Amino acid sequence: MLIEFTKMQGLGNDFIVIDAVNQAVELTPEQIRFLADRHFGVGCDQLLMVEKPVSNNADFKYRIFNADGGEVAQCGNGARCFARFVRDKKLSHKDQIIVDTDAGQLLLRFDGEESITVNMGVPRHAPEQIPLLMDAEALEYSVALGAEKIEFYAVSMGNPHAVIRVQDIDTASLETLGPQLESHKIFPQRVNVGFMQILSRKQINLRVYERGAAETLACGSGACAAVVAGIEQNLLDNIVRVNLPGGELTIEWLGRGHPVFMSGPAVSVYEGQIQL
Ligand SMILES: N[C@@H](CCC[C@H](N)C(=O)O)C(=O)O
């Protein structure tokens with residue numbers, strides 16, 4: 001099977017995007033792992049599929065696969081790239097696009113040529129919605145990782161996130177704590193782990209160890225989760241600039257019951273074809 005794809009990136013979080021509306025494509029986890037491999041394949045953090053919608057009011061279905069081949073329900077940077085892709089490929093001329101995902105619908109909006117805003121939906125806090133094996137909802141949970149006791153905030157942005165507050169993201173133990181918490185038994189579907197340094201009420205630094213992809217240069221849903229954590233803990237205002245290793249996002253949240261809005265860029269890098 002010869003597949004046409006576009007290589008894209010949002011703040012260095014990189015994607016292989018495939019038009020599965022005009023190409024018949026069905027990939028196995030093994031094929032996805034091969035495509036995502038940076039040495040033997042194309043290389044990406046996530047592979048995104050553009051499919052026909054399942055709901056009457058939606059324009060497309062948005063499917064997301066991590067580099068480890070697992071399918072997941074949310075990817076914020078990917079959502080902006082998805083919007084750029086369907087516009088560049090002339091699959092849609094709309095300024096606002098509704099996409100079906102396994103976690104509900106997302107609204108993607110062009111703010112001009114440079115920036116795209118995604119309505120990322122309403123964050124979910126109940127442990128069973130994350131899912132997190134804790135008896136009661138809390139603003140901070142704690143867990144022992146080896147000899148260390150870690151405090152973290154947990155939320156679902158359509159995918160599970162844990163957020164750890166640190167003094168300095170450059171010296172945070174992401175390489176050891178990230179994989180340990182990602183696969184800890186209290187997270188039955190594993191978890192994305194964010195390390196957040198609060199700079200002021202309007203600005204944070206963030207690094208994310210992603211489930212199924214290890215550390216990426218940026219994680220859009222992770223940025224939303226970190227800002228939600230900071231607002232809930234009364235440390236951040238409603239509009240926050242998030243500095244990630246690959247660039248900046250703006251996140252806006254008015255509090256419980258409201259959706260989170262994420263704004264940032266999305267870039268096409270090149271077009272390719274690959275034989276599978
Ligand atoms: N990079 C993404 C998140 C991709 C999915 C995540 N690794 C998961 O397993 O939930 C983003 O920008 O949100």
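This report visits a strand residue, a helix and a pair of helices in a predicted model.

## Ground rules

Residues are numbered from 1 along each chain as its sequence is written. Because the model is predicted, local features need pLDDT of at least 70 and side-chain atom pairs count only at pLDDT 80 or more, while totals for chains, interfaces and linings use all residues.

## Phe5 in strand β1

Let's start with Phe5, which sits in strand β1 (residues 2-10); strands are DSSP runs of E, at least two residues, and helices are runs of H or I, at least four, numbered from the N terminus. Phe5 has 22 other C-beta atoms within 10 Å, so it is buried (20 or more within 10 Å of its own C-beta, placed from the backbone).

Beyond residues up to four places away in sequence, Phe5 touches Ile16, Val17, Ile18, Gly272 and Ile274 (contact puts C-beta atoms, placed from the backbone, within 7 Å). Glu271 is 266 residues from Phe5 along the chain, yet their C-alpha atoms are separated by 6.0 Å.

## One face of helix α1

In helix α1 (residues 29-36), the buried residues are Ile32, Leu35 and Ala36. Seen down the axis of α1, they fall within an arc of 95°, so they line one face of the helix; the arc is that of the directions from the helix axis to the C-beta atoms. An α-helix has 3.6 residues a turn, so residues three or four places apart point the same way. The buried residues of α1 pack against β2 (13-19), β3 (46-51), β4 (60-66) and β18 (267-275).

## Where α2 meets α4

Gly76, Asn77 and Ala79 in α2 meet Gly220, Ser221, Ala223 and Cys224 in α4.

Technical notes: Buried ≥ 20, exposed ≤ 12 C-beta atoms within 10 Å, placed from the backbone. Contact = placed C-beta atoms within 7 Å.
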